[in-house]
Amino acid sequence: MADPTPHDPPPAEPAKKPQSRDAFVRNTLARFATAAIGIPILLWMLFWAPWWVFPAFCLLAILRASHELLRMTMVGTPLLYGWGMFAALALACANLAALLAGTNLPEHAELFTALGVPADGAYGVALAAMVTTTVITAVSVLLPLVHSEPNDRAGLRLAWLVAGPMYVGVLLAAVPGLFLVTHGTWVVLAMGLAWGSDTGAYFAGRFFGKRKLAPTISPAKTVEGAIGGMLASILVAVIWQVVWLHDELPLWHAVPLAMIANVLGQSGDLVESLIKRSTGVKDSGSILPGHGGLLDRIDALMFTAVSCLVYCLIAH
């Protein structure tokens, strides 16, 4: 068939709405299937497994999330990639050690004893955590000298080696930290604030979204979706306060906590979208059907967990 001339009518475009609807249904079913498998496992680790299982799982999650981040930002630099993985895990452990030493709760005495730390050794643990953080940061700053080419990207490698392990290792360590200084219900609240917001934003944006929230960062996100996510987070916090946390979280604290956590969580989601856009990646990985990579799923959780942890440390 000859190519169409300027006088020929343009070929009809295929209908896109049915395809879009089918993709929406498939993606939604994949999301629910992943949740149906993952949620019972998480609840078992939080409420019935030995105390060390959930923190150990979180450390493995930090390694996986670090892998996804470094795969986007440290392409072709195996030495820097390996150091970034180690640095994220070391900073997470140092942060957790400092948190446990700082809170110095009676239930942590058994843990310190098992690790060979004397009963009055909390100061030494906190000091070791500080030294570890300082050394990790210093090495991260110096290591790009080993892989200095190309010079015009050396600043980016330096920035990612310092900020990357802190982004994943320190912030994600708030999840096991929240578990260790409180209990599983608070962790489920942090997850509910993040993933409830994601779900509310997803459906509100799908059915009501018109105004773009950040078109240059994440074109699919809308203002209406963000509002739906905020309302979903508030609903989750109120339910948790009424049913499970009425003795620990006053209602007049629950609503502002949900709002702050939601703003930070949605901002964290946008930051991860910005990282992917700057590196030309659509999803950080494919480990979670319907969700993409692990980093795609926890980008908001890191910030909602930090919000809940800071609240607990201040209020209790």
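**Exercise 1.** In which hand of crossing, left-handed or right-handed, does α9 pass α10?

*Solution.* The model is predicted, so local features need pLDDT of at least 70 and side-chain atom pairs count only at pLDDT 80 or more, whereas totals for chains, interfaces and linings use all residues. Residues are numbered from 1 along each chain as its sequence is written, and side-chain values use heavy atoms, with hydrogens and water left out.

Step 1. Helices are DSSP runs (H or I, at least four residues) numbered from the N terminus. Axes are lines fitted to C-alpha atoms over the stretch in contact, with angles from 0 to 180 degrees between N-to-C directions. The axes of α9 and α10 (residues 251-279) come within 8 Å and cross at roughly 145 degrees.

Step 2. A crossing is right-handed if the near helix is turned clockwise from the far one by less than a right angle, and left-handed if anticlockwise. α9 passes α10 in a right-handed crossing.

Step 3. Contact means heavy atoms within 4.5 Å. Among the residues making it are G229 and S233 of α9 and A258 and N262 of α10. The contact of α9 with α10 divides into 11 nonpolar, 5 polar and no charged residues (Ala, Val, Leu, Ile, Met, Phe, Trp, Tyr, Cys and Pro are nonpolar; Asp, Glu, Lys and Arg charged; the others, Gly among them, polar).

**Exercise 2.** Describe the crossing of α8 and α9.

*Solution.* Step 1. The axes of α8 (residues 184-208) and α9 (residues 223-243) come within 6 Å, at roughly 145 degrees.

Step 1. This crossing of α8 and α9 is right-handed.

Step 2. Residues of α8 including G192 and G196 meet residues of α9 including G228 and A232.

How values were computed: Helix = DSSP H or I, 4+ residues; strand = E, 2+ residues; numbered from the N terminus.
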